[in-house]
Amino acid sequence: MTSLGTSKGVLEIAKFAVYVTVPIGLMYFFANNTKNLSKFMGARQYVVYPPEGPRPQSPEELREMAREMARKRGTQS
């Protein structure tokens with residue numbers, strides 16, 4: 001092999017080593033100390049919920065409103 005081919009091989013091995021060790025290292029860092037994970041996750045709000053609005057009316061209330069509207073419509077005609 002030429003020297004150019006050997007240096008590319010070493011570079012590929014080094015990249016592979018980084019790709020494998022970084023996720024394993026991060027998993028080890030967070031899995032062994034849960035305070036690290038809660039500190040990291042607690043610092044960010046991932047889901048922001050809107051404030052709760054008024055509740056919709058119950059089906060009985062809606063039926064009563066429909067009856068009232070029907071009565072008003074029937075008396076106006």
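Tutor: Helices (H or I, at least four residues) and strands (E, at least two) are DSSP runs, numbered from the N terminus. This is a predicted model, in which local features need pLDDT of at least 70 and side-chain atom pairs count only at pLDDT 80 or more, while totals for chains, interfaces and linings use all residues. Residues are numbered from 1 along each chain as its sequence is written, and side-chain values use heavy atoms, with hydrogens and water left out.

Student: How many helices and strands are there in the protein chain?

Tutor: The protein chain has three helices and zero strands. Read from the N terminus, the order is α-α-α.

Student: What does the radius of gyration say about the protein chain?

Tutor: The radius of gyration is taken over C-alpha atoms, and the globule rule is 2.2 Å times the number of residues to the power 0.38. For 77 residues that rule gives 11 Å, whereas the protein chain has 33 Å, well over that value, so the chain is more spread out than a compact globule. Along the principal axes, its C-alpha atoms fill a box of roughly 100 × 35 × 15 Å.

Student: How many of the residues count as buried?

Tutor: Buried means under 20% relative accessible area, exposed over 50%, and partly exposed in between (1.4 Å probe, protein chains only). Of the 77 residues, 1% are buried. V22, in helix α1 (residues 3-32), has a relative accessible area of 44% and is therefore partly exposed. V20 is also found in helix α1; its 34% makes V20 partly exposed.

Student: Which residues form a nonpolar patch on the surface?

Tutor: Patch residues have over 30% relative accessible area and no salt bridge; like charges are joined within 9 Å, nonpolar side chains (Val, Leu, Ile, Met, Phe, Trp, Tyr) within 5 Å. A salt bridge is a side-chain nitrogen of Lys or Arg within 4 Å of a carboxyl oxygen of Asp or Glu. Accessible areas come from the Shrake-Rupley method with a 1.4 Å probe, and for residues only the protein chains shown count as cover. Here the patch consists of F16, V18, Y19, V20, V22, I24, L26 and M27, with about 820 Å² of accessible area together.

Student: Which residues form an aromatic pair?

Tutor: Rings of Phe, Tyr and Trp (its six-membered ring) pair if their centres lie within 6.5 Å; planes under 30 degrees apart count as stacked, over 60 as edge-to-face and the rest as tilted. The count is one aromatic pair. F29 and F30 form this edge-to-face pair, at 5.1 Å centre to centre and 70° between the planes.
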